[in-house]
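Hello,

Here is the structure for you to look over. My notes on the backbone and on one helix pair follow below it.

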Amino acid sequence: MSILQHFPVNTAGRDFAVGDIHGHFTRLQSALDAVNFDPAADRLFSVGDLVDRGPESDQVDTWLAKPWFHAVRGNHEQMAVEAYRFDPSGRVGDVHLSNGGAWLYARSSVEQACYVELLADLPLIIEVETPPGVVGIVHADCPYNAWNEFTWAAKDGGPAESERVAAMAQWSRRRITAEDESGIDGIRAVVVGHTPVRRPAILGNVYHIDTGGWMDGHFTLLDLHTLQAHPPIDPKLSWDWEDRS
C-alpha cells in the first residue's frame with residue numbers, strides 16, 4: 001500500500017481534478033469531452049471513491065490503466081480492500097455491501113482478487129506540481145494545519161498514527177461541517193471530495209469538489225493550474241453539503 005505519489009509539472013497540457021465517481025465513468029467521459037480533454041497532453045486526478053453505487057464500477061481497471069488517469073484511495077476503495085482481505089463475511093463486508101459494494105462480490109474470486117489488489121495499490125495522497133505551486137489531493141480531509149506535518153504523519157508517524165491519519169484522510173468531514181476556513185499551510189491548495197456539495201466549496205485553500213456527478217448533480221473538473229472550476233461556479237447556488245458516506 002503506497003502512501004504518497006508525486007507528479008512533476010505537466011508542461012504539455014492541462015491538469016484536472018474530479019470529485020467522487022462511484023462507477024459513473026460514462027458521465028465522467030461526457031464531462032471530459034465538455035472541456036475538450038486531450039489524452040495525449042492532459043492529466044486527470046481523482047479524489048477517490050471510483051467504485052460502488054454506480055453501474056460501471058467494474059470499469060475501474062480500464063480507467064486506472066489509462067496513462068493520464070490517477071487516483072487516491074477513498075473510503076470506498078478502503079472498504080473493499082478491508083472487507084475482502086480481513087472480514088469478507090462479517091461487519092466490514094456488510095458495511096461495504098450496504099454502501100454499493102455488491103458489484104465486487106458478483107465477480108469470480110479471481111476477479112475480486114485482481115480488483116482488490118488494484119484498489120489497494122492506490123496512494124493515500126497525491127501531490128501535483130503546477131507552475132504556481134504544489135497542489136495536494138486526498139479523499140476527505142487533511143487533519144493537520146500544515147501539509148508537511150500531514151505527509152510526515154502518514155508516512156513516518158508510526159503504525160498507530162499512520163492508521164489514524166489515513167482514517168481521517170478517508171472519512172473526516174470536520175473541516176466542511178465546521179466551515180473551517182483556516183486552510184492548510186505549506187501547500188498551494190488541497191483538493192478533496194467525499195462530501196457531496198451543490199457547488200464547489202472553497203474553505204481557505206481547501207477545495208471540496210464532489211458535486212454529485214454520481215447522483216443528480218454534475219461532475220466538476222478543477223483546473224489545477226488555474227484553480228478554475230468547469231463548469232463555472234454558479235454564485236446563485238449554495239454549497240450546502242450532504243452526509244453520504
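H194 is buried, at a relative accessible area of 1%. This is a predicted model, so please read the notes with that in mind.

Backbone first. H194 is not a glycine, yet its phi is positive, near 75 degrees. The residue sits in the loop that links β7 (189-192) to β8 (201-203).

H22 is another entry of this kind. Its phi is positive, about 45 degrees, and H22 is not a glycine. Look for H22 in the loop between β2 (15-18) and α1 (25-34). H22 is buried, with a relative accessible area of 1%; the cut-off for buried is under 20%.

There is also a cis peptide bond. It joins H230 and P231, with omega about 0 degrees. P231 falls in the segment after β11 (229-230).

Now the helix pair. The axes of α3 (residues 75-86) and α6 (residues 109-120) come within 9 Å. They cross at roughly 130 degrees, which makes α3 oblique to α6. The crossing is left-handed.

Which residues of α3 and α6 meet? On the α3 side they are E77, A80, V81, Y84 and R85. On the α6 side they are S109, Q112, A113, V116, E117, L119 and A120. By class, this contact has seven nonpolar, two polar and three charged residues.

When you open the model, please start with H194 and H22, both listed with a positive phi. Then go to the cis bond between H230 and P231.

Best wishes

Conventions: Residues numbered from 1 in each chain as written. Predicted model: local features only at pLDDT ≥ 70, side-chain atom pairs only at ≥ 80, totals over all residues. Heavy atoms only, no water. Helix = DSSP H or I, 4+ residues; strand = E, 2+ residues; numbered from the N terminus. Buried < 20%, exposed > 50% of the residue type's maximum accessible area, 1.4 Å probe, protein only. Axes fitted to C-alpha atoms, helices over the stretch in contact; angles between N-to-C directions. Parallel < 35°, antiparallel > 145°, perpendicular 65-115°, else oblique. Left-handed = near helix turned anticlockwise from the far one by under 90°. Contact = heavy atoms within 4.5 Å. Nonpolar A, V, L, I, M, F, W, Y, C, P; charged D, E, K, R; others polar.
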